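Colleague: I have a new model open and would like to learn how to read it. Can we take it feature by feature?

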Amino acid sequence: LLKLQDKPKGVELNISLGEVERLYGVRQRLLSSTTAPENIEQLAMIAGMSTTKFKTSFKKLFGQSPYSYFLSVRMNKAKDLIVNHKKTVSEVSEEFGYNHTSNFTKTFKKYIAQLPSKISV
């Protein structure tokens, strides 16, 4: 059961409980996905909203755009693989579909605030 008190403090959502539930459904889809999410129009359709309302509502509810949220989750999964599963940066980069380790490293640093090669193990 969803609790609206879990929303960020000071944020007025202006969306119905049904819309919140559908947004959580999209969020769950992003959390469980290992590949890039559907395009924004498809995610909005899943949520039963216009693209504009979906993007605005998702960001209000979760504090990030859908794609930024997806990348944040993904980079935290990457961090776990490096730290707890002792995978190399190259292995994780390849596993996550990056053609160049440098692109993975740049994204990782943006979301984790550290280079993947400098993470404490």
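This is a predicted model: local features need pLDDT of at least 70, side-chain atom pairs count only at pLDDT 80 or more; totals for chains, interfaces and linings use all residues.

Modeller: Start with burial. A residue counts as buried when its relative accessible area is under 20%. Phe108 has 0% relative accessibility, so Phe108 is buried. Phe104 is also at 0%, and buried.

Colleague: Which helix holds both Phe104 and Phe108?

Modeller: Helix α6, residues 101-112. The general idea is simple. An α-helix has 3.6 residues a turn, so residues three or four places apart point the same way.

Colleague: How many aromatic pairs are there?

Modeller: Rings of Phe, Tyr and Trp pair if their centres lie within 6.5 Å. By this rule there are eight aromatic pairs. Take Phe62 and Tyr69: their ring centres are 5.8 Å apart and their planes stand at 50°, so the pair is tilted. Phe62 is buried at 14% relative accessibility, and Tyr69 is buried at 11%. The rings of Phe104 and Phe108 also make a tilted pair, with centres 5.7 Å apart and planes at 45°.

Colleague: Which residues do ring pairs link into a cluster?

Modeller: Tyr24, Phe54, Phe58, Phe62 and Tyr69.

Colleague: Now salt bridges. How many does a search of the whole structure find?

Modeller: Look for a side-chain nitrogen of Lys or Arg within 4 Å of a carboxyl oxygen of Asp or Glu. The search finds two. In one, the side chains of Lys53 and Glu19 meet at 3.5 Å, N to O. Lys53 is in helix α3 and Glu19 in helix α1, so the bridge ties together parts 34 residues apart in sequence. Lys53 is partly exposed, at 31%.

In the other, Lys87 pairs with Glu95, and their closest N and O atoms are 2.8 Å apart. Lys87 is partly exposed at 29%, and Glu95 is partly exposed at 46%.

Colleague: Is Glu19 buried or exposed?

Modeller: Buried, because its relative accessible area is 14%. Helix α1 spans residues 17-32 and includes Glu19. The Glu19 side chain also reaches the backbone nitrogen of Ser16, at 2.9 Å. Leaving aside neighbours within four places in sequence, Glu19 is in contact with Met49 and Lys53.

Colleague: Which residues are buried in helix α2?

Modeller: Leu43, Ala44 and Ala47, in a helix that covers residues 40-47. Seen down the axis of α2, the buried residues fall within an arc of 100°, so they line one face of the helix. Their cover includes α1, α3 (51-62) and α4 (66-84).

Colleague: What happens at the two ends of α2?

Modeller: At the start, a side-chain oxygen of Asn39 comes to within 3.1 Å of the backbone nitrogen of Glu41. Just after the helix, Gly48 takes a positive phi of about 70°.

Colleague: One last residue. What does Ser93 touch beyond four places in sequence?

Modeller: Ser93 touches Tyr98, His100, Thr101 and Phe104. Ser93 is found in helix α5, residues 89-95. At 1% relative accessibility, Ser93 counts as buried.

How values were computed: Residues are numbered from 1 along each chain as its sequence is written. Side-chain values use heavy atoms; hydrogens and water are left out. Helices (H or I, at least four residues) and strands (E, at least two) are DSSP runs, numbered from the N terminus. Buried means under 20% relative accessible area, exposed over 50%, partly exposed in between (1.4 Å probe, protein chains only). A polar contact is a pair of N or O atoms within 3.5 Å; within protein, one must be able to donate a hydrogen and the other to accept it, and residues adjacent in sequence count only if both atoms are side-chain atoms. Contact means heavy atoms within 4.5 Å. Rings of Phe, Tyr and Trp (its six-membered ring) pair if their centres lie within 6.5 Å; planes under 30 degrees apart count as stacked, over 60 as edge-to-face and the rest as tilted. The arc is that of the directions from the helix axis to the C-beta atoms.
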